[in-house]
Amino acid sequence: MHSERAFHPAHLAEFTRAERQRVPGSLEEQLVELYVQTRPALLGYLRHLAGSTGEAEDLLQITFLRLFDQLQKGEAVQEMRGWLYRVAHNLAMDHLRRQGRAESAASVWLEDRRRDGLAGSVEDEYSNQQQINQVLNLLNPRERHCLLLRAEGLSYREIAGVVGISEKSVSVYLSRGLKKFGNAE
Amino acid sequence: MKWNQPTGAGGFRHPDDEQLVSFFDGELDPAMRVEVSAHVTSCWQCRARLKEMETKIQAFLEARRKSLPSPEVLAEPPVEQFRERLLRHSAEQRSQMPLLLRAWGSVRRAWQPSATWIAQHQRPALAVVVIVVVLVATFTDLFNNTLAAETVLLRARDYEIAHQPRSGEVAISAVHLERIDRRTQAKSDLGTFEVAHDSATAAFLLDAQGSMPQVVSGPQAETRPALLRLAATQAIAAPVLEYLAERRWTPEVSVPAFRRLLESRGSEQSSARRDGDSIEVRYEFSSGHRSTITEARLRVDAAGYAARQLSILTADAAGQWEYRLTRQEQPPQLRTQQWATLFAAPGLPGARVHASTSALNLPPARITPLSYAQVPASEREVAVAGALHQADACLGEEIHIFPMSDGSLLVQGLMDRREQRDNTRRRLAAVGFPLSVEIYLPSEVKRGQRLYDSPDGPTIPLEAATATTVATLADFSSEQMPLHEKLTAYFSSRSTSEDDASKKIAAFSNDVVSISRQTLLHAWALQRLDRAFNPTRVRSLPAASLQELERLRADHRRWIGILSRQEAELLAPFLDPAQPPPAAGPNPSDSASLVRLAEQQGMLIRALFTVSSAAPDADASLHRLMTTLRQMER
């Protein structure tokens, strides 16, 4: 006896519609696969940089669009892991710079609201997010970046490439960061 | 800080924090590493520092862990959203790219091996992206008349790589061979080769004037017979043939074939010159070359660098000759199973080209399903249909047999129950030839499995079938059921209590609906069989396969008959005796009308045995139903 499901090809039709545009083995599909596999590590790092998961996800996806462009143009990507972290890092930095400008506007607005006694939820949300990173915020950005990347298992050379400093400086920032960090305990 | 200054406990200065952390991370250079290691072994202070560092690292990791995204966020990547974004992005990018670059980009991407960084990073998770190296040629010198011969050959090769046969197709060209007396310009035809390039393997076929096609794959294969067939009718000087055979040269107009010709020409001289809308490159042979060849020439289109003509010039005591091969492209053909068999038939030379595609640097093309219209049915398909039939997988399941572009068969589809899938897999494993089987459970499909459309085109709509299944047992015993009065009257006289009667009514109704559904399933399976093995497709099947198909069809027809009879018997007591008995109508001749009848009986059953807002006239409906069933009985 056949089960009810066999009569409903609707789910199949819906699925194959999406499936139709997929070309197995294409660059796009390989990137989707790479995205799925590397997402946990990259998303963790990006979230530390960008603050919110939503923004981190967006930056992560843009990173892969960049990778697509690069490969599509026919340019070689020699060290994939370092490349991904570097591009993600730079995107996040750009994002923060832009957001810094937006934030200063927001703080003015927030100041106005506070004067009017209307601050409330917006402010709470902001401080919540700050709290999450409170411990890590003891570190200055360079130290934080180096430590986080090291925690992701990157080599000093890769870290140097991502952050844009020398390998020697990586060990300096790492030891300084660790020291500061430990002192705070 | 210098290491050789004696100080402190170990006789050396303590490493500083940077050195210690680098040591910890295994990032010190080997010499330093040895020293620090020795120092740490002997120095309590530094061992304590290392320990402290470890504690700090752990504290940092703990803080980091707390601030990582939640496991749910990490475990559920928005794959579909990202895929859509990437595809949109990709479409935009592609539309902006220059046409030529686009073609090259895609070809190179498939073509280049992906080794560099995978070797550097052993993390298998990352080992999927292909390294791309594209040499973008500039076409600035398109209008120059003097070109380096090598440059022309490189571009011609690029053209070839960019114009490989499309997936699922076979590229055909006719290569005409003529011999020209260079003094008198008198031409004589030596014959024509048909060259077929495969899209799925690196193999190509040579067919000299309708004789047995020969698989050749680059330099590995024996090409001499093909040449000798031509030589038998028209004279090609023995030293020339000797050299060509030795070079494993194949008579086709392509850059690899041209290069093979040049392999030991014993000269460095080459030139290229533009001649109207084509460019000709000339590679000289050393004077007095043992082959008597003096020069090889390749003529390519000036606009696109497609190789058109290949010439071998010889001079011996008997005269000066030019053997000229001219290529004429033919429309590509679909890579039917006949083609696939030819390209990969065991026993033919070059059959193992799958394993050694390196000769021509061709990428193995993507294997895609073909539609039923593209390929005739094979014996194997029939065998698979038989196996599915045995497992009842032909009934109501979303299972299709896909003939693939590489000549293989794929059985793919959805099934609801694991046991049925196991059973089906067992049956399919017994067919005795290799077969890809991809049967998914719906839950697996959601995790991103690939499913193809039916090779038959769109799935047959099953609205009517769906309709018969919506009834539940609760409906069957409902008092609003059109047949309720008759059923109650009938079963009350045969029951001990009212409760017993209503149970009997429910069971009876359930039987009727189940049978009706089974009837429809068999009709549907029959129709699918007819579509998959339509007269055009089965034309070249052997008698045994045709018999097997007929057996499968007969089995479904037999079941439709049995089930219809059963149903008619069940319903007979409720017919209105006042009406004339239902006459058997004309017998359905084809599966389409059988499906129509089956749908009709399904709808009538549904109307009679479920609660419907517009209650039909029970007697009339029942009468119509019986007529339908009688038609299906045979």
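At what angle do helix α21 and helix α23 of chain B pack, and how far apart are their axes?

Guide: A caution to begin with: this is a predicted model. Helix α21 of chain B spans residues 543-571, and helix α23 of chain B spans residues 618-633. The two pack at an angle of about 150 degrees. Their axes are 8 Å apart. Because angles over 145 degrees count as roughly antiparallel, α21(B) is roughly antiparallel to α23(B). The crossing of α21(B) past α23(B) is left-handed.

Now the residues in contact. From α21(B) come B:I560, B:G561, B:S564, B:R565, B:E567, B:A568 and B:L571. They meet B:L622, B:L625, B:M626, B:L629, B:R630, B:M632 and B:E633 of α23(B). By class, the contact of α21(B) with α23(B) has 8 nonpolar, 2 polar and 4 charged residues.

One of these residues leads further in. B:I560 is touched by B:A523. Setting aside residues up to four places away in sequence, B:A523 also touches B:S591, B:L594, B:V595 and B:A598. B:A523 belongs to the largest nonpolar core, which has 56 residues. Along with B:V384, B:L388 and B:L594, B:A523 touches the most other members of that core. Elements of chain B giving two or more residues to the core include α21, α23, α22 (591-609) and α13. Strands β10 (398-403) and β11 (409-414) are also among them. The largest share, 13 residues, comes from α19(B). A second, separate core has 52 residues, including A:L27, A:A92, A:Y156 and A:I159.

Back to B:V384 and B:L388. Both also take part in the packing of α13(B) against α14(B). Helix α13 covers residues 379-390 of chain B, and helix α14 covers residues 418-429 of chain B. Their angle is about 145 degrees, with the axes 9 Å apart. Here the crossing is right-handed. B:A387 and B:Q390 complete the α13(B) side. On the α14(B) side are B:T424, B:R427 and B:L428. This contact has 4 nonpolar, 2 polar and 1 charged residues.

Finally, a loop residue. B:D456 lies between α15 (442-446) and α16 (463-468) of chain B. B:D456 is partly exposed, with 16 other C-beta atoms within 10 Å. Beyond its neighbours within four places in sequence, B:D456 is in contact with B:Y372, B:R531 and B:A532. B:D456 and B:I401 are 55 residues apart in sequence, yet their C-alpha atoms are 9.7 Å apart in space.

Methods: Residues are numbered from 1 along each chain as its sequence is written. Chains are lettered from A and ligands numbered from 1 in the order in which they are written. This is a predicted model: local features need pLDDT of at least 70, side-chain atom pairs count only at pLDDT 80 or more; totals for chains, interfaces and linings use all residues. Axes are lines fitted to C-alpha atoms, for helices over the stretch in contact, and angles run from 0 to 180 degrees between N-to-C directions. Helices (H or I, at least four residues) and strands (E, at least two) are DSSP runs, numbered from the N terminus. A crossing is left-handed if the near helix is turned anticlockwise from the far one by less than a right angle, and right-handed if clockwise. Two residues are in contact if their C-beta atoms, placed from the backbone, lie within 7 Å. Ala, Val, Leu, Ile, Met, Phe, Trp, Tyr, Cys and Pro count as nonpolar, Asp, Glu, Lys and Arg as charged, and the others, Gly among them, as polar. Angles under 35 degrees count as roughly parallel, over 145 as roughly antiparallel, 65 to 115 as roughly perpendicular and the rest as oblique. A nonpolar core is a set of buried Ala, Val, Leu, Ile, Met, Phe, Trp, Tyr and Cys residues joined through C-beta atoms within 7 Å. A residue is buried if 20 or more other C-beta atoms lie within 10 Å of its own, exposed if 12 or fewer, and partly exposed in between; C-beta atoms are placed from the backbone.
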